Amino acid sequence: PTPTPTPVPSLFTSGTYTGNGTDNRPFTGIGFTPDVVIIKGNTNQAAVIRTSSMTGDNSKPLVGATALSTNRIQSLDSDGFTLGTHDTVNKDGITYYWMAFKTAPGQMTVGTYSGNGTAGSVTALGFSPAYVMVLSAANYNAVQRSTAMPSTFYFDSDSGTANSITSLNADGFSVANNSRVNSRGITYYYVAWK
C-alpha cells in the first residue's frame, strides 16, 4: 500500500495589510497561533516584534533604546493577531508587511530570563541555535546574533559589540553583563532558531 504522508504543520507565514487606524483590529486566517509576529510599515518607523512570552498589551520596537510598548501588536491569537492604533502597526493608508512564526521542538523557541548582572547562559533550548534575538523589557536596544556574525548587533546602524550575546552554544546561548542582555532585575525575552 502507498503510505499516507503525515501533514507538516505550518510554522511560518507572511503577508501585507493597509493600516486603517482602528483599535483592537484583528487579523485571522493565518493557520496557527503564532509565537512571534514581526511587523514593519512602508515608512521610516521601526519594526515591532511580539512574542508569546510577552504579557498584556506589550510588544518591542526593534530599533532604538525603547522599552516594551503598548498599543502596537496587542495580542497573539488562536488564528492570528490583534493590532492597536500606533503608527508603527496601523496608520491609516500605510502598507505594512508582517511575518508570523510558530515554535517547533528542535527548530525554534521563545522564552524569558531575568537579568542578574553576571555573565551566564540560557540553556535547555533543545537545539544549537543559529540565530538569537534578545529583547529587553526596559529601555535597551534589541540585539541579535547569528553563527555568521562575529559579534552582537543592534537592528539599526551598528558596528557590533563583543560583550552582549557572547556565544551560541550546543543547547542555548551565553550573555555577558551588558545592559542590553543582562541587567540585574530586568526581564529579557528571546527568540532562537536552529
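Residues are numbered from 1 along each chain as its sequence is written. In this predicted model, local features need pLDDT of at least 70 and side-chain atom pairs count only at pLDDT 80 or more, while totals for chains, interfaces and linings use all residues, and side-chain values use heavy atoms, with hydrogens and water left out.

Rings of Phe, Tyr and Trp (its six-membered ring) were paired if their centres lie within 6.5 Å, with planes under 30 degrees apart counted as stacked, over 60 as edge-to-face and the rest as tilted. The count comes to 11 aromatic pairs. Tyrosine 113 and tyrosine 188 form a stacked pair, 5.3 Å centre to centre with 15 degrees between the planes. Because tyrosine 113 lies in strand S9 (residues 108-114) and tyrosine 188 in strand S16 (residues 187-193), the pair ties together parts that are 75 residues apart in sequence. Strands are DSSP runs (E, at least two residues), numbered from the N terminus. Tyrosine 113 and tyrosine 188 are both buried, that is, under 20% relative accessible area, where exposed means over 50% and partly exposed in between (1.4 Å probe, protein chains only). One aromatic cluster is formed by Tyr17, Phe27, Phe81, Tyr96 and Trp98.

Glycine 64 is found in the loop between strand S5 (60-61) and strand S6 (73-77). Not counting residues up to four places away in sequence, glycine 64 touches Tyr140, Asn141 and Asp156; contact means heavy atoms within 4.5 Å.

Phenylalanine 12 lies in strand S1 (residues 12-18) and is partly exposed, with a relative accessible area of 42%.

Conventions
Helices (H or I, at least four residues) and strands (E, at least two) are DSSP runs, numbered from the N terminus.
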